[in-house]
Amino acid sequence: MYVAVKGGERAIENSQALLAELRRGDPSVAELSIEQIRLQLRLAVDRIMTEGSLYDPELAALALKQASGDAIEAIFLLRAYRTTLPRLGYSVPLDTGKMRLWRRVSATFKDLPGGQILGPTYDYTQRLLDFALLAGTPVPPAPRLPADAEPVPAVLDLLDQEGLIEAESASCGDPEPHDLTREPMRFPASRAARLQNLARADEGFILALGYSTQRGYAHSHPFAGEVRFGSVEVELVPEELGFAVSIGELEVTECQMINQFAGSKSQPPQFTRGYGLAFGHSERKAMAMSLVDRALRAPELGEAIDSPAQMEEFVLSHSDSLEASGFVQHLKLPHYVDFQSELELVRRLRINAVQQDEPT
Amino acid sequence: MSEQTLDLNLQEVGAAFSDPVLSSQAVFRAALAALSRPGRIQSVPHDAQQPPGATPAAAALLLALLDPDCTVWLAPRLAGGAVSAWLRFHTGCRIVSQPAAARFAWSDADQLPLLQQFALGSEFEPEISTTCVVQVKALDERCGWRLSGPGIPGRQRLAVAGLGAGFLAQWQANHNLFPRGIDVLLCAGQFLAALARTTAIEA
Amino acid sequence: MRMCDPPGSLERDPNVNFAYLDERTKRMIRRALLKAVCIPGHQVAFGSREMPLPYGWGTGGIQVTASILGPRDVLKVIDQGSDDTVNAVNIRRFFQRTAGVAVTTDTTRADIIQTRHRIPETPLREGQILVFQVPAPEPMQRLEPRQSETRKMHGLAEYGLMHVKLYEDIAHYGHIATTYDYPVLVNNRYVMSPSPIPKFDNPKLNMSPALQLFGAGREKRIYAVPPYTAVTSLAFDDHPFEVQRWESGCALCGSRASFLDEVLTDDHGGRMFVCSDSDYCTSRQGADVRSVISDGG
């Protein structure tokens, strides 16, 4: 006799126990500490903070541990944590011109005020597996920039002085920016809403779209005006004080991409901007974001929209890893009822088709 | 943050709900029930101290539904009294001077402006319209108007004491705007009844 | 028959706000719900929050339930008509843990029923609220994926596209080939997705005594059908709306009036048909069977 499947409650409890055991692995091997993850898996932690849109390296490391190293699952944990946090205040805009730099490179000028600062990068590491890390070897101290180094001006500000690049202007009336985590996206979106969406967007998706703009799928001729990574102060103006006070520091990566623009009847030829910003050290993300940001400015700059990266609603509706992951994977949920409905229909259609084919 | 300074004496501001979480939920459910069943009277028991000039049900509704994301228009008598400070203190809402700029309005029945002066929403976003909380003298669901529309099986009676003579014609115009239009919560004592924009009224 | 204290029942977590959401989020959702009720079938955009459950798994329904739920409400959660599928269990546990509410499998005892893909067979009554989990709130999304365009169509009540699609089905197959998530017209104005319920359930939407609320978390939309509101399934005069029928009744309770799931019983083509609504089926089989299931066993 058939009995319907029951016991979902126990199944869930058992599944969670198994998951915890597999996460921990062999108990004879030392357990990872949050400190170890935060300090030694730095770039994974940075990605989780960026897409999780919460700057908290410790919690991001915890999320990574809890998620057994799955970045998207860790981002999910961080987002679910931040969603109900109260808003205590709003900072003034970050001044990345005052960044304490780890690294700063420009592809547009050989030398420039402040110089090229290579800093920590995998770019020139030759990608040979380092078997010394199998055993673990002590690392000698590296030379660093002096802590009191002067702030370095942004490359694009130098072009701006000549009027060769569009001015970075605040939007009309400089309204309070749209808050994507509080209000639904509406199309056409403001640039602030767009940039928020791109900053939180899945790195792989943005990378592929940015790449597509370099292969003819958008009118893009980009130059990396500047990529910089370092620490900036976060400042807040408490109502009772009336002036800005520093409440801490965070590390960010910023990319200012320079793009060609032919000009129009009303505007002389000028370079245009694409912008990318990410928490921590996330150059791939910041650069890809700046390409997509520029591509999405097509309507504003009077360019034809014929490539995926220029289609605002398409890009912004599919960029979020949690929305995408959730909906793709929801196909694992039971769909018996809908499938039964389709099954019944297909059987009926087949009977009708056979009857029509029969000679009369 | 609101630019309006909160100029008030804390001693004079009556207390809000003693349990804001559960009271807000209960009051919301009364409002949900009222708008789901236009013309049916719902009771709104609560323990907030409403300021002078406020009807208990109306005060509870606004306390339960507003926060700093909301704009509110107050009719002159309420704007001039303790209501304004009480509402801003407890909810952080922004008081606006134009009915058309308000997502909520709070008025005595005799000071209600023309309904068409409120925000009516657009064809594409008809929900961006004012919800009017109107303090009336009395409500009775055994006599009066005959209401029909979504939420009403057949006809629902409702008598409302205190509304001006022009209300029915204005309501008809509002109803005809559907899907645009305002929605009204009528409050008397600790009771409320609603008119959704879908509600047709026969005198 | 309330699952007052099933074995291993969950304590309310004192570190989480009642029903998980913060109060400002609840207010935002409540305001959206009140407007949704006033404009039956119209999709109201709302600031959907990131929930601790994945998008596509009921985040919209959960946010709606969390915003309306009170401590004295009795909650029922079903998926595919059943109280005991893992997703339904998971969501029920979420509310037990965050709100400490009583839960039930009994449709008649529930104040709020959160559902995915079904409307219970037992007729609902006044005062009950049915909360639908909605994956794709836009009924025309498959025909026109741009929200910016579909929003205009709703605004202008331009539903030609929808009728063309249904008519093409008729031209191709001889009848309308949509079997679930079958579009409806609400209060004679808005075309609405009833969520992926089988079209078998569509007639239950019409003039229901219960309030029906729809939450789409990922797509950030809320909509509603008030009680006693006309909901008609789209059709043509020469091709009227029809629901599925089965040749036999439920193999367990014998019902010929309920939606049946096909169950494969062996690998030689053996199959049987049983009620998708587990509470309805067990109540028809008798109280003995039912009480065992309600103990969470």
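**Exercise 1. Find how many residues of domain 1 and domain 2 of chain A are in contact.**

Solution. Start with the count. In this predicted model, 13 residues of domain 1 of chain A contact 18 residues of domain 2 of chain A; contact means heavy atoms within 4.5 Å. Next, the bounds. Domain 1 of chain A covers 11–82, and domain 2 covers 96–122 + 145–168 + 180–320; such bounds come from an automatic or database domain assignment. Taken over C-alpha atoms, the two centres are 29 Å apart.

Now the area. The two domains of chain A bury about 1,200 Å² between them, with 49% of it on carbon and sulfur atoms. Buried area is the accessible area (1.4 Å probe) that two parts lose on being put together, summed over both. On the side of domain 1 of chain A, A:Thr50, A:Tyr55 and A:Arg79 supply 43% of the area buried against domain 2, more than any other three residues.

Last, the charges. The interface of these chain A domains holds 2 salt bridges (a side-chain nitrogen of Lys or Arg within 4 Å of a carboxyl oxygen of Asp or Glu). A:Arg79 also pairs with A:Asp320 in a salt bridge, at 3.0 Å from N to O.

**Exercise 2. Describe the interface between domain 1 and domain 2 of chain C.**

Solution. Count the contacts: 14 residues of domain 1 of chain C against 11 of domain 2.

**Exercise 3. Decide whether A:Leu129 is buried or exposed.**

Solution. Locate A:Leu129 in the loop between strand S1 (100–105) and helix H6 (132–135) of chain A. Helices (H or I, at least four residues) and strands (E, at least two) are DSSP runs, numbered from the N terminus. Apply the cut-offs: buried is under 20% relative accessible area, exposed over 50%, partly exposed in between (1.4 Å probe, protein chains only). A:Leu129 has 72% relative accessibility, so A:Leu129 counts as exposed.

**Notes.** Residues are numbered from 1 along each chain as its sequence is written, and chains are lettered from A in the order in which they are written. Local features need pLDDT of at least 70, and side-chain atom pairs 80 or more, while totals for chains, interfaces and linings use all residues; side-chain values use heavy atoms, without hydrogens and water.
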